[in-house]
Amino acid sequence: MFPSALPDSSRKKRSREPHQLPAGRHGLSRSFVVENQRHRILAAVADVCHAAGYVSMSVEDIVVTSGVSRRTFYDNFRSKEDVYLAAYDEVTKQLLERVYAAYAEADGLVARVRDSLNAFLTFVAEEPAFADMCIVEVMAAGPNAIERRNQTMAAFAEMIEKAAADELPKSKLPPALTAETLVGGIYEVVYSRVLQGRGAELPELLPDLLFSVVLPYMGQETATSLLKNERRRSKPKAGKQADS
Amino acid sequence: MRCSSRLAQSEKQKYVLTVEHRTSHNRAPHQLPAGRHGLPRAFVVSNQRERILDAVLQAASRSGYAAMRIEDVIAIAGVSRRTFYDHFANKEEAFLAAYELVLEQLLTGVTSAFASGETWTSSVRRGLAAFLNLLASEPVLAQVCVVEALAAGPRALARRTEAMEAFQTLLRPPDDDVLVTSYAPPVALEAIVGGIYEVIYSRVTSQRTHELPTLLPSLLHSALLPFVGAEVAEAEYQRTTLSAAQRAIPTP
């Protein structure tokens, strides 16, 4: 996500990490250097945020963790809040790309909800530091961060609404606030697991969350049978591979 | 905007700070005279503690928990720094105590409204209505409970989780309720409470706390649907929308 591997320099002075650029003149293009440094700073934000939380995170922590100089940090970012928002935007962009991709591949409301929810839960499970930063710490990172978060949630709600509108006649749609309420509910379920460090368990909740989302649009019967099928699907049978 | 506390109404009036009434010692009317004043210590202490808690609510809702300073709290409360630290070890302790106070108020209001319903569905409707109305009528309480508690550290978060679980209990129907026709997994219930919370959160953080009562029909629908089925949930939605219209409350 934040690629940092660089050709190993033979000039290893001052116990520099392999990804750190050699000090002084190194003949690498300026834009490459700047990109590399920016990526390292953003990666460090996730690590420090995960370890210390937003409130106690300092620019000093980020500088030390990323291995850039303080000068370089301030060339790129104005403040702790500024760098946090940049990191948040970067991670959210990746997350939305994954979710949209799954959504676009799928046909029909049920498949679209299932596959995008699965992409979301898998991302959170695979990236605990990013999850912590974007789902938990965001709530303590000030009004600009909260505004970003609200926008991300609105984007997810729109996806559900579009999928529903594509499939169902207007008369069959639930109240207008439903999608927003569902996204909020998923958020809270995910938040509580990430807060407890149990993000890895989230993909197991796919059947139950799928039930919750599908219910207002497709009704009790469809939602319940989906719940059962999805639960069966995720249970590995003895001696067989689990279905994907 | 003041937040209610457990004090009698007449006591609350004393807490309105009016600059023009300050004495030569720059003391507001509710502030106790400095030094020996012959009042029982217990009264003085309880009065001070209440004022500090009230001030914490004001300060936290105005500036946010992170930016809230003890200077702000003691200025609003009209107590000395020393007095603050007599009662609370630090900012977090004071916030937790204030949060506890307003959470209790909220939960009491909701559970008593809930208990007044004759069926589970009407209990949910009354409880949810009370919840939304209380938040809308007490913006300081709303800001503290809904927004600031999430930014006040792990103990506040833990307390919040407990409160959410208490709400979940109310939103789970008794097994023998006649209208309850279907099963919903526990995570679905968690998602309902979470979803209601998030919708409220978005209104409070965008200065639309006053709109909360208009959300009742839709939030009620979400809460009932998994248990009573689409027809009953829809009927409750329509009925609640209709009665709101009758009371001339706009619905979205």
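**Where the chains touch**

I checked the interface: 31 residues of chain A are in contact with 32 residues of chain B (contact means that C-beta atoms, placed from the backbone, lie within 7 Å). On chain A's side, helices H7 (143–167), H8 (178–195) and H9 (206–234) each give two or more residues. H8(A) gives the most, with twelve residues. By class, that side of chain A has 19 nonpolar, nine polar and three charged residues. Nonpolar means Ala, Val, Leu, Ile, Met, Phe, Trp, Tyr, Cys and Pro; charged means Asp, Glu, Lys and Arg; the others, Gly among them, are polar.

**What I'm working with**

This is a predicted model, where local features need pLDDT of at least 70 and side-chain atom pairs count only at pLDDT 80 or more, while totals for chains, interfaces and linings use all residues. Residues are numbered from 1 along each chain as its sequence is written, and chains are lettered from A and ligands numbered from 1 in the order written.

**Chain B**

I counted ten helices and zero strands in chain B (DSSP runs: H or I of at least four residues for helices, E of at least two for strands, numbered from the N terminus).

**H1 meets H2 in chain A**

How do H1(A) and H2(A) meet? In H1(A), residues including A:Arg40, A:Ile41 and A:Asp47 sit on the contact, and H2(A) brings A:Asp61, A:Ile62, A:Thr65 and A:Ser66. I noted six nonpolar, two polar and three charged residues in this contact.

Technical notes:
Contact = placed C-beta atoms within 7 Å.
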